[in-house]
Amino acid sequence: MNALPQTPAPDTAAWRARDLAVLWHPCTQMHDHAERVPLIPIARGEGAWLIDHAGRRYLDAISSWWTNLFGHANPRIAAAVKDQLDRLEHVIFAGFSHEPGIRLAEELLRVAPPGLARVFYADNGSSAIEVALKMSFHYWRNVGRAGKTRFVALTGSYHGETLGALGVTDVPLYRATYAPLLLSPILVRSPDCYERAPGVSWREHSLARLADMRAALERHAHEVCAVIVEPLVQCAGGMRMYDAAYLTGLRALCDEFGVHLIADEIAVGFGRTGTLFACEQAAITPDFLCLSKGLTGGFLPLSAVLTTAAVYDAFYAEYASGKAFLHSHSYTGNPLACRAALETLAIFRDEPVLARNRELAAQLAARLAPLAAHPHVAEVRQTGLIAAIELVRERTPRTPFPAAERRGLRAYLYALAHGVLLRPLGDVIYCMPPYVIRRDEIDRMVDVAAAAIDHAVA
Ligand SMILES: *Cc1c(COP(=O)(O)O)cnc(C)c1O
């Protein structure tokens, strides 16, 4: 196994030691940092790059956990936040309000799929999921359907780490340990096109999987509040992708069986899949649209749940009716975060972001294409600016590498040593770069990813 990529400069080593003495990092076996996996203190960021204390540069091919859209330290968003800092840093959002929160809600409703009428803020993706689950359940209770207490989720889905969000997640790595504490969703087979038979198109495969959803709703609709999905790409579950036709069919099924549709666009929203929201490609409006990650351009934690007038109206009554949604987070609607989000949306208005993303996506596809023939690559797949390469020990029949071999980690270490931050999901190597990545940077990202794959499978 690789040692650290280079002898660290004194600053880096000092920060690393101080960090490891006091911190506990997310989604990390801290023991890995003892010798195998370097912890990288970052001094500053610039465009698609992260720069450490020794001046070493890392191309952020994963947009810092899918949050960053327009580059690190983006001057436009930074200026907006600085301006807001001198006006109002925060105010309680119950009984009080503020311009950035109001304007952001107006703007989100303007750009979101038609039919959404209300915005409820929270401060991270998982909390947005909690809000949507509670609101859906509470809606049915308010309209006299208290027997609806369950949720339908897809196999391979990921909706966050808090107990409610983890409860509708189906990634064993995150879920299994906590299973005794969690909701028991009705799991329906995902339309995931990695599972399609040879010769079957994405569309055919995805549409066929609607039969599973229909069967589940026929049996369970009376006890189901909502179906929750990640539109088009199941990201944390391994960047598994499916056709938009599934979402169109799912919307119709939810209407037919009288259950809500929750679209978790926390990862895929804001232009990632080629349209501003993934739901647009299916021409549908969900009952709840959950947004976070790219919402603030990657600057500050914020999330929003958009819902319909019909849902809002079911809570609107005399206080004594007990129908109010009494859910809150201290930092609900933080003005600094709202300003960052407003500026992010302004960039979408002022610049041809989606058109440029489509060009970058085409270049990425062309550059990745040769990897499809690699003896240890089962599939190269892409939706917009998300591209994934699935590594296997054998292509036919598809046989994964034993998980204990941690091939993805080898790729991670190799790429890091060559100045690219890739963070594979198991043996799925993926690229999800900031939208400001340049064409030559895409070339570099792909060259390093390809070399990292050769290194990882050797
Ligand atoms: C990241 C993510 C979440 C959770 O968001 P956090 O801000 O990390 O809590 C939920 N759903 C999806 C699809 C995500 O990718």
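Predicted model: local features only at pLDDT ≥ 70, side-chain atom pairs only at ≥ 80, totals over all residues.
Which residues are buried in helix 15? Residues are numbered from 1 along each chain as its sequence is written, and side-chain values use heavy atoms, with hydrogens and water left out.

Now to the helix. The buried residues in helix 15 are R407, G408, L409, A411, Y412, L413, Y414, A415 and L416, where buried means under 20% relative accessible area, exposed means over 50%, and partly exposed lies in between, using a 1.4 Å probe and protein chains only. Helices here are DSSP runs of H or I with at least four residues, strands are runs of E with at least two, and both are numbered from the N terminus. Because nine of the 11 residues of helix 15 are buried, the helix is largely enclosed by the rest of the structure. Those buried residues pack against strand 3 (57-60), strand 15 (420-421), strand 16 (428-431) and helix 16 (439-457), and contact in this talk means heavy atoms within 4.5 Å. After helix 15 comes G419, with a positive phi near 80°.

The peptide bond that joins T396 and P397 is cis, with an omega of about -15°.

Let me turn to the ligand. Around the ligand we find W66, N124, G125, S126, Y158, H159, G160, E230, D264, I266, A267 and K293, a residue being near a molecule or strand if one of its heavy atoms lies within 4 Å of it. Sorted by class, this shell has four nonpolar, five polar and three charged residues; here Ala, Val, Leu, Ile, Met, Phe, Trp, Tyr, Cys and Pro count as nonpolar, Asp, Glu, Lys and Arg as charged, and the others, Gly among them, as polar.

Some of these residues come with distances. S126 has a polar side-chain atom 2.6 Å from an oxygen atom of the ligand, and K293 likewise places a polar side-chain atom 2.6 Å from an oxygen atom of the ligand. For D264, a polar side-chain atom lies 2.6 Å from a nitrogen atom of the ligand. A polar contact is a pair of N or O atoms within 3.5 Å; within protein, one must be able to donate a hydrogen and the other to accept it, and residues adjacent in sequence count only if both atoms are side-chain atoms. The protein covers 82% of the 380 Å² of accessible area that the ligand has on its own, with areas taken from the Shrake-Rupley method and a 1.4 Å probe, and, for residues, only the protein chains shown counting as cover.

Although K293 is not a glycine, it has a positive phi of about 40°, and it sits in the loop between strand 11 (288-291) and strand 12 (303-307). K293 counts as partly exposed because its relative accessibility is 24%. L232, which is also not a glycine, has a positive phi near 70° and lies in the loop between strand 7 (224-229) and strand 8 (233-234); at 2% relative accessibility, L232 counts as buried.

N74 lies in the loop between helix 3 (63-66) and helix 4 (75-85), and is buried, with a relative accessible area of 9%. Its side chain reaches the backbone nitrogen of I77 at 3.0 Å, and, leaving out residues up to four places away in sequence, N74 touches F299 and I347. S190, found in the loop between strand 6 (186-188) and helix 9 (202-208), counts as buried at 1% relative accessibility. L276 belongs to the loop between strand 10 (260-264) and strand 11; its C-alpha atom is separated by 9.5 Å from that of V353, 77 residues apart along the chain.

Finally, the cysteines. A search of the whole structure finds zero disulfides, a disulfide being a pair of cysteine sulfur atoms within 2.5 Å. C235 is in no disulfide, and the nearest cysteine sulfur, that of C279, is 13 Å away. C254 is in no disulfide either, with the sulfur of C279 again the nearest cysteine sulfur, at 11 Å.
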